[in-house]
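These are my notebook entries on a single chain. I set down what I looked up and what I found, entry by entry.

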Amino acid sequence: MLVLGLAWVGLLVYELTVGLSPLMERAGLLIWGIFIVDFGLKLLLAPDKSLYLRKNWLTAVALLLPALRVLRIFQALRILRLARVARGLRLARVVTSLNRGVGVVGHLLSRRGVGFVALLTVLVVLVSAAAMMSFETGSPRFLTLGESVWWTTMLVLTIGSSEGPTSTEGRLLTALLALYGFSILGFVTATLASYLLEGSDSAKTDRVIEEIRLLRKEIEEL
């Protein structure tokens, strides 16, 4: 399931940047079917099904959205010229797929440590860059995946850029990326401070242990 989760995210990035071939579309449908069976079995075995659904509602949404493609709703939206609705659904797919990617990375690295944050950031930047290319069609800032990755990386590092997205979906994704960037900045700052203070904390601990030893000795003498 972890491998399929990574493949699912990879297919999403490829679809947003290049487009899927018929073979890739069938592979995506197969993975989607496996995810539905897995989710259904977990829901069936859950002692409290309503609690399970509340905790995994993003996963449920992620499994529901591909059904719109099967039902050709996206094609109907294009006919009705409701491209903004289609882009909104695409943004929802990006967010829910990233949620699955977070779960995969969390299982691989136990959801802690610098390695988890670094791999998660790479995943967020790559998927978000592909989404920006899809939302900002024709923008010189997002013509290629490399340029889009560079812009997204600068945003996550809270450096930012003078040129931003113009679409509503792109701006919403930018806000989410900025929030993620501030969160990562706090984590990096805390990690660096912990590393720098590690030596002084160790010395302080030694002093406390020595004081406790002396107190015990005084107590014994008393």
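In which helix is the place of Leu 44? I located Leu 44 in helix H2, which covers residues 22-45. I note at the outset that the model is a predicted one.

**Entry 1. Helix H2 and its surface**

I looked up the accessibility of Leu 44 and found a relative accessible area of 59%. Leu 44 therefore counts as exposed, since the cut-off for that class is over 50%.

I next searched for salt bridges and recorded 1 in the structure. The side chains that meet in a salt bridge are those of Asp 38 and Lys 42, at 3.3 Å from N to O. Both residues lie in helix H2, 4 residues apart, which is about one turn of the helix. For Asp 38 I noted a relative accessible area of 23%, so this residue is partly exposed. Lys 42 is also partly exposed, at 43% relative accessibility.

**Entry 2. Helix H1**

I checked the length of helix H1, residues 2-17. Its 16 residues reach 23 Å from the first C-alpha to the last, close to the 22 Å expected at 1.5 Å a residue. I listed the buried residues of H1 as Gly 5, Trp 8, Val 9, Leu 11, Leu 12, Val 13, Glu 15 and Leu 16. Just after H1, I found Gly 19 with a positive phi of about 110°.

Is Thr 121 buried or exposed? Its relative accessible area is 17%, and the limit for a buried residue is under 20%, so Thr 121 is buried. I placed Thr 121 in helix H7, residues 113-135. Setting aside neighbours within four places in sequence, I found Thr 121 in contact with Val 156, Tyr 180 and Ile 184.

I then turned to Thr 174, which has its place in helix H9, residues 168-221. Thr 174 counts as buried because its relative accessibility is 15%. With neighbours within four places in sequence again left aside, Thr 174 is in contact with Met 132, Trp 151, Leu 155 and Pro 165.

**Entry 3. Leu 91**

I found Leu 91 in helix H6, residues 83-109. At 9% relative accessibility, Leu 91 counts as buried. Which residues does Leu 91 touch, not counting those up to four places away in sequence? I recorded Phe 135, Glu 169, Leu 172 and Leu 173. I also looked up the separation of the C-alpha atoms of Leu 91 and Ala 131, which is 7.5 Å. These two residues are 40 residues apart along the chain.

**Entry 4. The chain as a whole**

I counted 9 helices and 0 strands in the chain. Read along the sequence, the pattern is α-α-α-α-α-α-α-α-α. Of the 222 residues, 33% count as buried. I noted that the chain exposes about 13,900 Å², of which carbon and sulfur atoms supply 68%. Finally, I examined contacts between residues at least 6 apart in sequence, and found that 60% of them join residues at least 24 apart.

Definitions and conventions. Residues numbered from 1 in each chain as written. Predicted model: local features only at pLDDT ≥ 70, side-chain atom pairs only at ≥ 80, totals over all residues. Heavy atoms only, no water. Helix = DSSP H or I, 4+ residues; strand = E, 2+ residues; numbered from the N terminus. Buried < 20%, exposed > 50% of the residue type's maximum accessible area, 1.4 Å probe, protein only. Expected span 1.5 Å × (residues − 1). Contact = heavy atoms within 4.5 Å. Salt bridge = Lys/Arg side-chain N within 4 Å of Asp/Glu carboxyl O. Areas by Shrake-Rupley, 256 points an atom, 1.4 Å probe, with all protein chains shown as cover.
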